[in-house]
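Hi there,

I am passing along the structure we talked about, with some notes on its aromatic rings. Have a look at it first, and then read on.

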Amino acid sequence: MPDLDPAIALYQAGRPAEAAAACLALLEARSRDADILNLLGAALVSTGNGDTAVGPLEEAVRITPTHVAARSNLALLRQQRRDWAAAEAHFGVLAVLDPAFRFAQDRLGAVRQERGDLDGAVHARTRAVQIDPCSGLAWFNLASVRMLAGLFAEAGAGFRHAIAEDPAGALAHVQLGEMLLRLGEVEGASAVFRRALRLDPAAPNAGYGLARCARYRAMAAVTGTPTGGVAIRGPFESATGYGYFCQRLIRTLRESQRAPLEAIGINGTESWPGGTLDRPVAARAVVSCLIPLAVERVPGRATVTFSMFEGTRIPPAWRRMSAFSDLIVVPTESSRLAWAEQGFPEDRLRVCPLGVDPVEPGSVPVLVAPGGRLVSSYRHRVLNVSDFNPRKNIDGLMRVWLRATASTDDAVLILKLGRSLDPAARAELGVLVRGAERAVGRRLAEAAPVVLIGRLLDDEEMTGLHRAATHYWSLSHGEGWDLPMTKAGAMGLGLIAPAHSAYLAYLDEGIARLIPSVVGPARVPGQEGFHPPFHGLDWWVPDEEAAAAILRGIIRGGDRLPSARDRLAGRFTWERSADRLLAILDEAGLR
């Protein structure tokens, strides 16, 4: 047995590089021992060489599968590198090797949560609490994942346990207050938020929580016969899809004076620009333009959730959260079916299509393609506006563009990704493009040029970006509505969209080119497992060959797309959307 003690002493003395050298010397003497390999891996990690550490740790686990230290180090390294599938497998083995090893259960829960397996994460976190019921941190972690899983009452109980074990924990108090608001317990939430601020005057979100408690108390204090008012809560100050449609509904209701209106921001402190909409109105319901997790119940008011989903079924967690709403309103039949397929009562589901902004005059931005040619000089200018996530299928978009186009084509792809592409996102995009090149067997330089825009644009700039294009193209795996697509159609751009989800609510072959699609698992491309928000669920997979044929037909064959302008601008206005929402509330006796 080789003498490992000198290397261990070097490592413990904070000299990992020398410890690694000592381990390598032992290995060169043909001592393939799991303890040596584990120490080498740990030392390499300490010197910042995590990539190099993987090999020795994997070899140690192969030699001795029950080596807890080596497997723990390897699991942690996989977790740090966001290799969730491998990390989950190793932590799972550790949990079997030592069922009383709380560390393994804690980490297993964390990794499952990252992968979107919320029920699995609840199971692991519950086991961690059973192992150490006096750990406030274990209770906090369990309560947090219960909240995400839609187990609100159980989450509240978990945060109370966390507070009992650690009474000075301000964050647990804040989270308990958030849970109480979701359950409609405003007074209890208010007391907890105040306690959090006494413990830590800078406790994150405690002040916002108190502000919402005050708003909800003021709303509950409005007495007398309801006068048909509408209270709307949503992220109307944020540059998100939910923020956009919430803002448009509020603006339409306010300008048309269709009903007395109260607007409540996501934090409760926001003010509507140019007017006072923070005064409570007599209304029977609060309409929340939010995902179910963010919806809060107001005492004395019905809870209406205006939301959407992009897959064939909502997640089980959304089903549990939706149970706290009296009515779920969605923009399309596709979303209605997503709730119904998960067992939500259909008599509590309503469809209210969103609107399309009227076309307004505006300037066209000056865009330059790689090589210096002006984008405006290309005959075919194809636009895609997407958040940079797997559901938007940017990898598929790139594969199709590589297959369908050549550098000699009079065409350019304008790709607007995310609100802000940081260096890490740009590096990820580079990996995605290289993967598309390998899959197709062509380099990006051989295809028609791509212009990347990776910064936040305001409404006027986004309109200008649409004006710069002749066509709008999506290859998404699923949409709840797709505001950029409808905007493009109303502006007269030619539309190319997958034949699935929300697109079928406002497009057909008469006004767009539709790409055949099939239902398939919501997998992350190039990785093992599901896209976390869609864990265990399905979405749609567009036919890439058909999409390439459509693009070639437009770019090289002169296929002229019909216009969707009249249908979108005529049938889908914000006035109609607001009227439909009011009609839904009236029909349900909630106004």
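Over the ring of which residue does the charged end of Arg 523 sit? That ring belongs to Phe 530, and the charged end of Arg 523 is 4.2 Å from its centre. Please keep in mind that this is a predicted model.

Now to the rings themselves. Searching the whole structure gives 16 aromatic pairs. One of them joins Phe 245 and Phe 306: the ring centres are 5.0 Å apart and the planes meet at 55°, so this pair is tilted. Phe 245 belongs to helix 14 (residues 241-256), while Phe 306 belongs to strand 4 (residues 302-306), so the pair ties together parts that lie 61 residues apart in sequence. Phe 245 is buried, at a relative accessible area of 1%, and Phe 306 is buried too, at 0% relative accessibility.

Another pair to look at is Phe 309 with Trp 318. Here the centres are 5.2 Å apart and the planes stand at 65°; the cut-off for edge-to-face is over 60 degrees, so the pair falls in that class. Phe 309 and Trp 318 are both buried. They also belong to one aromatic cluster, together with Trp 339, Phe 534 and Trp 539.

Happy browsing, and do write back with any questions.

Best wishes

Terms used: Residues are numbered from 1 along each chain as its sequence is written. This is a predicted model: local features need pLDDT of at least 70, side-chain atom pairs count only at pLDDT 80 or more; totals for chains, interfaces and linings use all residues. Side-chain values use heavy atoms; hydrogens and water are left out. Rings of Phe, Tyr and Trp (its six-membered ring) pair if their centres lie within 6.5 Å; planes under 30 degrees apart count as stacked, over 60 as edge-to-face and the rest as tilted. Helices (H or I, at least four residues) and strands (E, at least two) are DSSP runs, numbered from the N terminus. Buried means under 20% relative accessible area, exposed over 50%, partly exposed in between (1.4 Å probe, protein chains only). A charge sits over a ring if NZ of Lys or CZ of Arg is within 6 Å of the ring centre and within 35 degrees of the ring normal.
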